Structures are given as C-alpha cells and as structure tokens.
Amino acid sequence: MTSAALDHPAHVPADRVIDFDLYDFPVEGLDYQRSMREILQSRPADVLWTPHNGGHWIARTHDTVAKVLADSDHFSSRRIMVGPYDDSRPPLVPLQLDPPHHAPYRALLQAALSPKAVGKLGERARELSIELIDGFKHDGHCEFIGQFAQHLPIAIFMEIVGLPASDRPYLTEVAEAAMRGGTEAERNAAGAKLMAYGMAKVAERRANPGTDLISTIVQAEVDGQPIADFPLTGMILLLLLGGLDTVASTLGFYAQFLATHPEHRRLLVEQPELIPNANEELLRRFAIAILAREVKADVELGGVTLKAGDMIMAPTPMDGLDEHKFADPLTVDFHRVKPGANATFGGGVHRCVGSVLARTELRIFLEEWLKRIPDFAIKPGTNPRVSARSVATITTLELVWDPGSVK
Amino acid sequence: MSEAGKRRYLCFYCGTVYDEALGWPDEGIAPGTLWEDVPDDWVCPECAASKADFTLDEDY
C-alpha cells in the first residue's frame, strides 16, 4: 500500500502518512526495536501519521517523544493506548490522571518504591535469583521466561503487595492475556479478572490491614478522604500490570541478546564492574513500551499541527535508538557514556515509579546469572518470537549451556 | 533552610545531584543557575527522570 492510498484527515499532510500498525508490523527475528525503527525511519519527518487503530500520530525521534511525555499541558494521559477507548472502565491511577490530580496517588507509590525501600528488596531479589539459577544450572537448559523472567520480578512484586506466592502462576497468565490477548474481548475479560482479584484483596486488607502496599493504599487518604473504589480499582490494576509484566518482558530481551552475543557476555564476566553501565545500555537498546497521549489543545510538533482530540503514539524505543542522541544506536556498547538518559521508563510526571526496583532486579540478573552460567545459547531448532501490543515481550526462550561450564 | 544559590537537589531515582553553584554547563545551564530557573523540561542527565523528581537536599 502506498501512502497516497491511505485515507487521512484534512489537517494531516499527505507526506506524513505511513502504513504502520503498531500492533501488527513485521518483526525480524527477535529485534522488535530495530524492526520498528526501520519502518518509522523510512520517512524523513519527525512526526508521522497512520490510519491504523483509529488513526493517530507517531512521534519518531528523541526530541518529539520527550516533548509528548513532558508537556502535560498539551498531551493528556487520559487515554494511554491508541485504538478503541472504553471510558466506563476505571482509569489506571495515577497514570491516566493529569497533573495535579495524579500527584497524591503517585506519592503513595513512590514512598513504597523509593531507593531506600528498594535497597532491602534488592537483597531479597538477589537471594531469589541465586536460588532460581542454582535450581536449574546443572540441567544445562531452561525455558528462561517461565523459569526465571516471570519468576524473579513477580515474586518480589508479590512480596511488596503482600500476595501469596501460590497465586503467581494465575496472575502471570491473566496479566499476559490482559496485555497481549488476541482479541479486545479477551484482553478486557482478563483485565476484569485482575480487577476482581485486586478488589478481593482490597476487601481483605480493609478488614485486616498489614504492612504491604495494598494495605497502605486502602488506608490512605487523598484530599482528606479515603480513596473511592473506582479509582482504587484502577490503581490496583495498574500495580498488577506494571509489577507482573514489564521487568519480566525486559529480562527476555536481555537474555536473548546475551545468548547471541558471546563477546558481550565475556566482557561482563571478565569485568563485572561494567554491569551497572551495561544495564543502562541494555535498557536503552531494548525499550519495550509504546506510550500514547491524547492531544488536549492544538499544538505544533515536528512541523505539523496536531488537533485537540488527536491521539499520538510515543514509542519509547525511538528515543534510545535516535542517532542524534546516541551515536550508532543499534550497537550495544557497554562503555557508552550516559546510556541511562533515555525514555525507556517514560518521561515527565508519569515516568515509571517502579524504575529503581526494575533497574535493581535487572542488574542483579546480570550479576548472578553470568557468575553461574557464563556461556549459554538459544536452543537450536527453537523459534522464539516476540508478542507485542503496548508492551513487547518474548513469549518463550529455550536456553542451553554446557552443564560442565557452570559455577 | 538552604540559601538560594547554594542549594542542592537530588534525583529521586538515581541520586544525581544538581548543585546550583555548579549548574550543569554540559547541558547549557550556567554555574549559579537557581533551581527555579532550570527549565521545566530539563531531565536528569544520568537517568532521564524529570525535574519534578528532584528534591531539595535538606542536609546540605
């Protein structure tokens, strides 16, 4: 299809139109980020427009992604996904609240996920990582997603919110369906299950509060009032989706990269002091989230006028992979200077509140895995693939190694 | 209360320090720039947290 054949509103210049469906574009191998970049960089403009998913703009550069995320006067997070919008569902709080309404809710989460709070959780994450890796390292193989990526961050999250470890498989499966189910009905049904689960826990904690984050939220007051059930439901749902999915998805991209790049593995094994910077570099290179905002008031961006009510997509990979911000951006360079200044965790007032914990868990994975399993590969004959909607993930990843090489 | 021009602000996420006396010349912010004069869209040079994610270092 050519751009001339694609319908577009009158205020969209024809040369900005691109045939791009963020939920269904060709991904080469496991490199979701490179594939997206190649398609979006096929046009020279900084802001593009696609007729897919209801028709929306696409910010395609570091500069435009950063502006969309930072300028909450013009870009509302009331709607955070392109495509159909159901306003009868509770908003994800505080993500779908604009300033200043988001602030008191965010403060509650920030306190629980502060560097001080995360310091203690990090030690627990390390213990659990070692336990998991020691459990399968002599086997010479594992299915990384199920046996590690969906285990470590989710178990830590379950401790933060005080949920029983036995619920982990159920929650992982439902979160996957809510994020990447094949149909909208399937995703909505899974979202409803998560909300029902969360609100049952809310009722439990109201009756018998503990020291976990759900107990803190149900006892908190905003503007002198307890949080009403409608925003509370959205807040719990956001916690479950954020805590259950994102770090697990990122770990999959880390593992596939290291499995296929022995020279990078070796560097980190021989120079573990590079791991903190390597962690930032991998976060930059393998951003997984596609954010979106609703235009609140007409605004100029990237040489075009966006109209109030338009939707714009801000793909976080396009920030870290912008060659004007990071030289040779597709290359993973563990010596890169300041790779952490990227939009992988979003930006502006809604920047990921769990980023300290996420960074800690990812760093601990690198430290503890490479100490024990320094050499590994993707199992020959397997065909891992990326599944993506607003968050990309690798669904299964069979890894193999020589049991004699483990430490 | 810290004196304007001598205050330090800490990034909530990574602990990076913005020192008013030093500014951030690499980012075009001259030494002596008060925190309130740092552009609102300035982000942490280490981790990209927003200006709003910095808090005054009361102990400094």
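Which residue in β14(A) does A:Ile378 stand opposite? It is A:Leu399. Hold on to that pair for a moment. First, a word of caution: this is a predicted model. The predictor gives the complex an ipTM of 0.73 and a pTM of 0.92.

Back to the pair. Strand β14 of chain A covers residues 398-400, and two bridges join it to β11(A). Those two strands run antiparallel. They belong to an open sheet of three strands, in the order β4-β14-β11 of chain A. Which strands sit at the edges? They are β4 (141-143) and β11 (377-378), and each pairs on one side only.

Now to another strand, β10 of chain A. Is it buried or exposed? Five of its five residues, 311-315, are buried, so the strand is largely enclosed by the rest of the structure. Look at where they point. A:Met311, A:Met313 and A:Pro315 go one way. A:Ile312 and A:Ala314 go the other way.

β10(A) also has partners. Strand β2 of chain A, residues 56-59, pairs with β10(A) in the parallel sense over two bridges. Strand β7 of chain A, residues 290-295, is joined to β10(A) by five bridges, and here the strands run antiparallel. Keep an eye on A:Met313. It is the bridge partner of A:Ile58. It is also the bridge partner of A:Ala292.

Those names come back in the core. In soluble globular proteins, nonpolar side chains tend to be buried together. Here, the largest nonpolar core has 127 residues. Which members touch the most others? They are A:Trp57, A:Ile58, A:Tyr254, A:Ala292, A:Ile312, A:Met313 and A:Ala314. The largest share of this core, 16 residues, comes from α10(A). Take A:Tyr254. Leaving out residues up to four places away in sequence, A:Tyr254 touches A:Leu282, A:Phe286, A:Leu362 and A:Phe365.

Next, a helix. α3 of chain A spans residues 103-112, and its buried residues are A:Tyr105, A:Arg106 and A:Leu109. Seen down the helix axis, they fall within an arc of 95°, so they line one face of α3(A). What do they pack against? They pack against β5 (221-222) and α10 (229-260) of chain A.

Now the loop between β3 (75-76) and α3 of chain A, where we find A:Pro94. A cis peptide bond joins A:Val93 and A:Pro94, with omega about 10°. A:Pro100 has its place in the loop between β3 and α3 as well. The bond from A:Pro99 to A:Pro100 is cis, and omega is near 0°.

A:Asp223 is not a glycine, yet its phi is positive, about 55°. It sits in the loop between β5 and β6 (225-226) of chain A. With 7 C-beta neighbours inside 10 Å, A:Asp223 counts as exposed. B:Ala48, also not a glycine, has a positive phi near 70°. B:Ala48 lies in the loop between β2 and β3 of chain B. Buried or exposed? B:Ala48 is buried, because 27 other C-beta atoms lie within 10 Å, and the cut-off for buried is 20 or more.

Last, chain B as a whole. Its pLDDT averages 90, and 98% of the residues score at least 70.

Note on methods:
Residues are numbered from 1 along each chain as its sequence is written. Chains are lettered from A and ligands numbered from 1 in the order in which they are written. This is a predicted model: local features need pLDDT of at least 70, side-chain atom pairs count only at pLDDT 80 or more; totals for chains, interfaces and linings use all residues. A residue is buried if 20 or more other C-beta atoms lie within 10 Å of its own, exposed if 12 or fewer, and partly exposed in between; C-beta atoms are placed from the backbone. Helices (H or I, at least four residues) and strands (E, at least two) are DSSP runs, numbered from the N terminus. Two strands pair if DSSP finds at least two bridges between them. pLDDT is the predictor's confidence in each residue, from 0 to 100. The arc is that of the directions from the helix axis to the C-beta atoms. Two residues are in contact if their C-beta atoms, placed from the backbone, lie within 7 Å. A nonpolar core is a set of buried Ala, Val, Leu, Ile, Met, Phe, Trp, Tyr and Cys residues joined through C-beta atoms within 7 Å.
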